Amino acid sequence: MNDDIGESARGPKRGQLPFAVGFLAVSAVLAALLWDQTVWKDGKDLFSQARFWPAVGVFGMVGFTALHLWHLPRKRFARPDRIEGRNWLFVLEFVGWFLAYVWLVPLIGYLPVTLAFAAALTWRMGYRSPKMLGISLLFGLAVVVLFKGFLQVRIPGAALYELLPGTLRNFFILYL
Amino acid sequence: MELLTEFLAQVQASSGILMRWDVGLALLVGSVGGVLIGAIPGVGPAVAIAILLPATFSMDPIVGLTVLLGIYGSSMYGGSIPAILINTPGTAVNALTTYDGFPMTTRGEARRALSLAYSSSFFGGIFSVFCLILLAPVLAKIAPMFGSREIFLAALLGIILVVTAHRRQALIAAAMACLGIWLSTIGLHPATYSKRYTFDQAWLSSGVNLIVVVLGLFALSQAFILLMGDDEKIRLTKLKGSFFQGFRELLRHPRVAGVSASFGVVMGMIPGVGEFTAQFMSYTYAQKSSKRPEDFGHGSSEGLIAAETANNAVPGAAMIPLLALGIPGEALTAMMLSVFYVHNVTPGPQLFQNDMDFVVALYLALLILNVLVVAFLLVATNQLVKVVKIPNRFLGVAILTLSFVGVYSLRNSFSDCLLAAGFGVFGYILKRLDLPVVPIVLGMVLGNIMEVKLRSAMARVKTPLDFIDRPIAAILFALILLVLALHVRRVILDRKQRKARAWSTSHASTSFAANLSRRRSFLLTERGKRLRAKRSKFSRPSTDES
């Protein structure tokens, strides 16, 4: 089965239909909410209305996606679409990893969570040699030292750091 | 002449800015970092710039922009290394380099190919900076002629060009640009103080942050792509000797290098066109004008020069619409625009009038950057090639770890991270389906510009024709009509070609069952029987019947 390249459109055929249908459905819902989510103020001209540009956006999304759907080479759901859909779901595992990382940093601290995250995800991806795990720990340490210690990006001190004794506590909150 | 003298005085004034230690360090970090990022396939400058953006907010505008400009300008140098050595472009725009670079490696000329790529890139980069410097006084004179309606029309032209540049995907690109426009409207409307699409959620009142979207669409999605993919086995060619020979060889092809750099500058200035078109045009020109066109795609030095010169001439030129009009032409310059905004520096006509020192300092930084990058590559290539070996999925781990810094350091907000993760999944799906991502970012940036400028322009317009009664507005409007007309023409021609192709090919099914059925009907026809009888004369007669 030739499922790689469409005749009239670029890119693979698999997954195009579910994507277009899903995007059109979301766009249509957003377009239907236009009157509820924006206001029209009498006495102002069309281009100054708060509703004008959101309308351009949502109706453009609906119109162009509908035309895109109309021009798709295959308009029936097939097995490759289901396989592709499953692939989209699998990626949610890494979204979970990322959100867990975000959730844990303010609780446990940027340095310990980054070290644990880098090493655990490296392990999960199949690099289980001491060398790769060591590299992942070094990488985590370098990221924390560079961004929080050197570039002073705004990442708050963790709740756990409060338990540390005086000077060490300040150092950890400021630099790690 | 007077303009030039004035400009040279500006250069002298601006050089003081570049003498600062922090600017020098930013140049060094940006150039070396950009080469490294470019050399790792699967990372690319968009990911790096997206991650580093929030870190640059605490820096001085010139320092922050120099780092990002360094990454933007030097990543393509680095991207040529894996393109030539392992047939995998380091950045997307190095794809054409693989055509002639890798065949040269396979015949044992890797060093020559790399050396040619460096020298061509250097020439392209320097050429575009000189064009920028020469154009600066002219731009300073023209830029004030751009009022609200001209900037609105230029932004509209930019968005149309970005959409139409996506051949055979213009409809979905337009839908994505509209998504960007819609995203830019979320939050409080500044003119009426009314909420738009906030769904009564406090965290949406201030709108959707461009950097959150950019980090999701570029960095997180790329991390997901790498984590979900497989590692590739890479065998590297050993490199020995110096890399200077390419500069001598480049001198033998001044025409190809000059024309390709010019294509790069012109295409870089036009929003939405960029490196791909510039490369394609210069490569086609080089092939058509070459004495040995058959060598192209099989290790032609002219092909390599054309591709590398054109793509490196673009970054310098892309700064022209960004600085002069405040209109980004592609995703990377759109990201840089947010750095300007964070520091309350508004690119556009006023910047040229009030802060020319800053503009000239940026130009000079670009110039020095190219020299630094080439010097670094000439010395460190042998060590640098090792970064190509970093496994893909480990890179995914690294990008995911770094993306956290980018998103979380903005406002320490969990909802920002959630939104970025959502855009990451959306970007992942778009990349899997080979659908355009860039129009979303440009839709967000240009949509915002269009909304503000149209509102202020319409205050002084009585009839629709008043909108285009100034010369620049009329030219821009004519250009919009021309681009749309050309696009419609191309769509009609494409459709005709597709129809002709469909008529010329057989409609017979290729499925196994259909093949069996056709075979059976053929065997049962009279002609089939006749043919079998004829063929049996050449084979030994069966002895079963006797």
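Chain B contains 22 helices and two strands, taken as DSSP runs numbered from the N terminus (helices H or I, at least four residues; strands E, at least two). The model is predicted: local features need pLDDT of at least 70 and side-chain atom pairs count only at pLDDT 80 or more, while totals for chains, interfaces and linings use all residues. Residues are numbered from 1 along each chain as its sequence is written, and chains are lettered from A and ligands numbered from 1 in the order in which they are written.

The C-alpha trace of chain B spans about 105 × 60 × 50 Å along its principal axes. Of the 546 residues in chain B, 54% are buried, that is, with 20 or more other C-beta atoms within 10 Å of their own, C-beta atoms being placed from the backbone. Among contacts in chain B with a separation of 6 or more, 80% join residues 24 or more positions apart; a contact requires C-beta atoms, placed from the backbone, within 7 Å.

Helices H6 (residues 110–142) and H13 (residues 301–325) of chain B pack with axes 7 Å apart at an angle of about 30°. H6(B) is therefore roughly parallel to H13(B), the term for angles under 35 degrees.

Between the chains, 52 residues of chain B are in contact with 57 residues of chain A. H17(B) supplies the largest share of the chain B side, eleven residues.

| Helix of chain B | Residues |
|---|---|
| H3 | 44–56 |
| H8 | 170–185 |
| H17 | 392–411 |
| H18 | 414–432 |

Notes: Two residues are in contact if their C-beta atoms, placed from the backbone, lie within 7 Å. A residue is buried if 20 or more other C-beta atoms lie within 10 Å of its own, exposed if 12 or fewer, and partly exposed in between; C-beta atoms are placed from the backbone. Axes are lines fitted to C-alpha atoms, for helices over the stretch in contact, and angles run from 0 to 180 degrees between N-to-C directions. Angles under 35 degrees count as roughly parallel, over 145 as roughly antiparallel, 65 to 115 as roughly perpendicular and the rest as oblique.
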